Amino acid sequence: MIRKFDRNDRRILNFPAVHPCEGIFPATLLRSLINLSHNICNFQSKLFPTQSRNARETIRQVGLLLIFFEEVRDRGLILSDSVVLCFSELHLTFQKIQFLLEDCTREGARAWMLTKSQFVATQFRVLIRAVATALDVLPLGLIDVGGEVKELVELVGKQARKRKFELDPDDEFSANQVLVILSHFEKGVEPDSRYVKRVLDYLEIRSWSDCNKEINFLEDEIALKCSDSDEREVPFLSSLVGFMSYSRGVIFEALDFPNTEQIEAPCNTETLTCLNPEDFRCPISLELMTDPVTVSTGQTYDRSSIQKWFKAGNFICPKTGEKLTNTELVPNSILRKLIKKFCADNGISLAKSGRKSSDITRTIVPGSAAAAEAMKFLSRFLARRLVFGSNGQKNKAAYEIRLLAKSNIFNRSCLVDAGAVPPLLSLLSSTDATSQENAIAALLKLSKHACGRIVMIDHGGLIPILDVLKHGLSLEARQIAAAVIFYLSSMKEYRKLIGQTPGAIPALVELIKEGTTCGKKNAVVAIFGLLFFPKNLQRVLAAGTVPLLIDILSSSDKTELVSDTLAVLANLAESIDGANAILQTSALPLIKGLLQSSSSKSAKEYCASILLSLCNNGGEEVVSILAKDPSLMSLLYSLIPDGTSHAGKKARSLIKLLHKYRETSSSGLASSAVSHQQSVRAW
């Protein structure tokens, strides 16, 4: 039996070959050895940007041995134990050769393999020596094949022993050129573009897409190294990412990927949600805090995030911009307990959340000095392109920023500092739909940085962002603009400004009506954020939001969208006007139905909260309807042990209110069971 290894899980330059099992049928072993040889020979037609000589020679030698293996098969020879043993060793070595050839031709790994060229050349030499050793002990005289075939095997053995598999001088020169370029970056010197192009040409990285594949591979390697807690090579990998990112942005003028290839998924599916209280998120990483600490300005951050902020030489408060009087970090134990309880109640793994947060906070500081300087050069280049470039160059610059700022906090900081925000705001007025979409998407990424949000507002960015929200050239652009509004509303002082801006809230409401699931969600959570400023509640109601939210409850099967919609309704129901608006729709049966059918603990909590608020603010008629529903009590009782702690509290209050109504209704004192009696028709 030949045990197979899952090739999809194999890390580059790791060779997890599996030895054939003892007692394997010789015919099975031979058949597998022939298949392996064919696989190796198929690499003859592939491009080897590096190690070309060593790879071609290895493939040639395996091809000669393939003739021998096929001769043995065709003659139906019975193989002795000693021959099977040699074939097993060759099988093991051929697996490793195939792995090595796969790595030499792996898409996106050209720069990394170039820098590893000495190690790779050594691997070729070791593997070919292993072939020679197996052939040395192969009892060729006991195998009845033709004389010419035996001579081929002897020739391969002799060449395998004598052949020098050395580092190709051209590979060595180009690898040194990469090191020189990285050294220039590290010293804050922009490299000569001719040297950069020379390296790219040698690796046959000839397009934007080729360069992008290199970046994706390197970033994946960094993530794997960090997940394994093996970060020794991370600084060098980060330097290569900086080099390739610089090359992609500066050297390659054209975006060459086909329209069908989505570099970024449609709708920019941002994880916008109302489910997590905003105070539980670190203002730096925007992830749930695992160890919240408070700085001298009174702002709270996740410890790992703010420590990396200090390590990067920053001594101002990231959120307020105030100079810190000291760097003392005071644990916020109350908030930590609330976060733990919130995670426990909602089935969220705090450990998983912490790992995700650690991953993003890793990017607060650059992976290396070379990566930092390369990013600074690239940021200034892109900012200039946005101001002085042609329409096509501006579009490409916006797209580059969209990618660079996607999940890297340091990149966002560099781009904001380089002045990329104001020209991106100007690009929102473009008559080209693609340019407008790339500009608003780039601004979305930068709005995740506190300084980015400040610059946007300070440069009058709210109006052009709202213009895209209202009249964007594509639905996608409008939906992304809603996400930008959500991040802007995370700052207390901007909620009032956005709410007071004519047409802002109606535009979000219109998107609820017209958007995709993603667009509806972005608009709903943006409204949720704006409701933290109390005076925005009347504006939300006046815009006709409630009927559209009820439509979502009745028609959507998307759990997160429904939960977020319920969160907004729960907020609105806490006011008398909001409760009245909800009761003028068919909300009651829908909310009771969701309380029974929803699998989301948060959704159930919001349902209980809405029903309680409607009873308190909607009057006796609402309580009467709920009290007559025999199934409601059992649903509420089930929330006490099974729901969140907040849901249990709401359920107990509602149960108490309904019991009190039933007790007093028979004595004609029902109205006293309700805190407010409103003349509202409840459907």
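An open sheet of three strands has the order β2-β1-β3, and its pairing is antiparallel; two strands pair if DSSP finds at least two bridges between them. β2 (300-302) and β3 (330-331) stand at the edges with a single partner strand each, so one side of each has no neighbour in the sheet. The model is predicted: local features need pLDDT of at least 70 and side-chain atom pairs count only at pLDDT 80 or more, whereas totals for chains, interfaces and linings use all residues. Residues are numbered from 1 along each chain as its sequence is written, and side-chain values use heavy atoms, with hydrogens and water left out.

**Overall make-up**

- The secondary structure of the protein comes to 33 helices and three strands; helices (H or I, at least four residues) and strands (E, at least two) are DSSP runs, numbered from the N terminus.
- The protein has 683 residues, of which 54% count as buried; buried means under 20% relative accessible area, exposed over 50% and partly exposed in between, with a 1.4 Å probe and protein chains only.
- Of the contacts in the protein with a separation of 6 or more, 74% are between residues 24 or more positions apart; contact means heavy atoms within 4.5 Å.

**Around the sheet**

- Strand β1 (residues 292-294) runs antiparallel to β2 and is joined to β2 by three bridges.
- Opposite Thr 294 stands Thr 300 in β2.
- Helix α11 (residues 303-311) lies across β1, β2 and β3 and runs at about 95° to β2; axes are lines fitted to C-alpha atoms, for helices over the stretch in contact, and angles run from 0 to 180 degrees between N-to-C directions.
- Lys 323 is in the loop between α11 and β3, and Lys 323 is exposed, with a relative accessible area of 71%.
- Not counting residues up to four places away in sequence, Lys 323 touches Phe 315 and Ile 316.
- From Lys 323 to Ser 296 the C-alpha to C-alpha separation is 9.2 Å, and the two are 27 residues apart in sequence.

**Aromatic rings**

- Rings of Phe, Tyr and Trp (its six-membered ring) pair if their centres lie within 6.5 Å; planes under 30 degrees apart count as stacked, over 60 as edge-to-face and the rest as tilted.
- By this rule there are 11 aromatic pairs.
- Phe 69 and Phe 87 have ring centres 5.4 Å apart and planes at 80°, so their pair is edge-to-face.
- This pair links distant parts of the chain, 18 residues apart: Phe 69 is in helix α2 (residues 52-75) and Phe 87 in helix α3 (residues 81-104).
- Phe 69 counts as buried at 0% relative accessibility, and Phe 87 is buried with a relative accessible area of 0%.
- Phe 486 and Tyr 487 form an edge-to-face pair, with 5.2 Å centre to centre and 75° between the planes; Phe 486 and Tyr 487 are both buried.
- Phe 68, Phe 69, Phe 87 and Phe 94 are linked into a cluster by ring pairs.
- The charged end of Lys 46 sits over the ring of Phe 43, 4.7 Å from the ring centre; a charge sits over a ring if NZ of Lys or CZ of Arg is within 6 Å of the ring centre and within 35 degrees of the ring normal.

**Ser 368**

- Ser 368 is in the loop between α13 (350-361) and α14 (369-388), and Ser 368 is buried, with a relative accessible area of 13%.
- A polar atom of the Ser 368 side chain lies 3.1 Å from the backbone nitrogen of Ala 371.
- Apart from neighbours within four places in sequence, Ser 368 is in contact with Pro 235, Ser 238 and Ser 239.

Note on methods
Polar contact = N/O pair within 3.5 Å; in protein donor to acceptor, adjacent residues only side chain to side chain.
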